[in-house]
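Here's a friendly walk through a protein model, written for someone just starting out. Have a look at the picture first, then read the notes below.

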Amino acid sequence: MSQIGVSKTTIIKVQEEHLDSVPDLLVVEAPLEIRLIYTKSDAISETSITVTMRTPGNDIELAVGFLFAEGIIDSFDAIKSFHYCQKTIPEHRENILKILLKPDLTIDLSLLDRNFTATSSCGVCGKRSISQLMETLPQSLGQGMELSLTTIYSLSKKLSHQQHLFNHTGGLHAAALFDKNGTLLCIKEDIGRHNAVDKVIGHTLVKNKKLLEQSILFISSRVGYEIIQKAAMAQIPVVIAVGAPSNIAVQIALKSRITLIGFAKNKSFNLYSGAERITETKSKNATKFTTIDPV
């Protein structure tokens, strides 16, 4: 397998009032579709059993562990062979894994039904195919919206002060919406980061959808595919996170014209896309962001 777990990119590193264009590494997040080939009534059947977002590498182990944990197989001996699908577009060839079971094996696919429901830790595990994950996303977001460094620096402290359940338990993620001046509009907490984002979006849709289009989404976690995809669909123009983004999150942010900020602290952050919305970057020659293929 040629894919590995990091990709190169260029970011703007912001420290107080200093902006520097620097190379950076992103963790690779990519979908893995597992397809099962088995014998049923003397005929060969093939079915897609799950799609999960993962860092490429050890895909065979991941698939075998999944099948064993779900009760489909009881040992590695149940597998006759495995290979990556070649009858697909090149970028998906190492993201679709076919597992051929031995012909005398009786399997119960009903055991997999629960896997097609999103869990608190992953918002896309219920998706059946990679094509469903790559839906067309909106591209015109937050027209005319600008933020100052002062506003961005103020948000981390405002979020932490409002994380009431986290302060008691230490076990929850938070998602908050702020307006362009840093005024808190809404905050929700949940054990799943994508659930917290869903709660914030749902709460705001009930009140006024237009608020989403001129708001900042601040999350207390990393930014993976599911978070940035939800922001794009909700037309939220700015996403700020305490943690790191994955490579696919940066790619979607670039495509959807989302301003994406990671590693947000009181006086520093990394800027991955959308520099045109940061007031101070207009007077400096901010970099044109690029995300390079995994290396």
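A residue is called buried when its relative accessible area is under 20%, exposed when that value is over 50%, and partly exposed in between, using a 1.4 Å probe and protein chains only. By that rule glutamine 235, at 19%, is buried. Keep in mind that this is a predicted model: local features need pLDDT of at least 70, side-chain atom pairs count only at pLDDT 80 or more, and totals for chains, interfaces and linings use all residues. Residues are numbered from 1 along each chain as its sequence is written, and side-chain values use heavy atoms, with hydrogens and water left out.

**Strands at the start of the chain**

- Two strands count as a pair if DSSP finds at least two bridges between them.
- In general, strands of a sheet pair through backbone hydrogen bonds, either parallel or antiparallel.
- Strand β1 (residues 6-15) runs antiparallel to strand β2 (residues 18-27), and ten bridges join them.
- Two residues sit between the strands of this hairpin, and glutamate 16 takes a positive phi near 55° there.
- β1 is also joined to strand β12 (residues 268-273), again antiparallel, by four bridges.
- Follow valine 14 to see both pairings: it stands opposite leucine 19 in β2, and its bridge partner in β12 is phenylalanine 269.

**An open sheet of four strands**

- Another group of strands lines up as β4-β3-β6-β5, an open sheet with mixed pairing.
- At the edges you'll find β4 (43-54) and β5 (79-84), each of which pairs on one side only.
- From one strand to the next, the twist averages 20°.
- Inside this sheet, strand β3 (residues 30-40) pairs with β4 in the antiparallel sense over eleven bridges.
- One example of that pairing is leucine 36, whose bridge partner in β4 is threonine 47.

**Cysteines and a tucked-away threonine**

- How many disulfides does a search of the whole structure find? The search finds zero, where a disulfide is a pair of cysteine sulfur atoms within 2.5 Å.
- Cysteine 85 is buried, with a relative accessible area of 3%.
- Cysteine 186 counts as buried too, at 5% relative accessibility.
- Threonine 204 belongs to helix α5 (residues 193-207), and is buried because its relative accessible area is 4%.
- Contact here means heavy atoms within 4.5 Å. Setting aside neighbours within four places in sequence, threonine 204 is in contact with Leu177, Cys186, Lys209, Leu211 and Leu212.

**Two helices side by side**

- Helix α6 (residues 225-233) packs against helix α7 (residues 247-256) at an angle of about 15°, with the axes 8 Å apart.
- That makes α6 roughly parallel to α7, since angles under 35 degrees count as roughly parallel, over 145 as roughly antiparallel, 65 to 115 as roughly perpendicular and the rest as oblique.
- Who does the touching? On the α6 side the contact is made by Tyr225, Ile228 and Ala232, and on the α7 side by Ile248, Ala249, Ile252, Ala253 and Ser256.
- For the angles and axes, lines are fitted to C-alpha atoms (for helices, over the stretch in contact), and angles run from 0 to 180 degrees between N-to-C directions.
- α6 is mostly covered, with eight of its nine residues buried; among them are Glu226, Gln229 and Lys230.

**Loops and the strands that follow**

- Glutamine 235 lies in the loop between α6 and β10, and its phi is near 65°, a positive value in a residue other than glycine.
- Arginine 257, in the loop between α7 and β11, also has a positive phi, about 60°, although it is not a glycine.
- Is arginine 257 buried or partly exposed? At 34% relative accessibility, arginine 257 counts as partly exposed.
- Strand β10 (residues 238-241) pairs with β11 in the parallel sense over three bridges, and valine 239 has leucine 260 of β11 as its bridge partner.
- In strand β11 (residues 259-262), Thr259 and Ile261 point one way while Leu260 and Gly262 point the other way, and all are buried.
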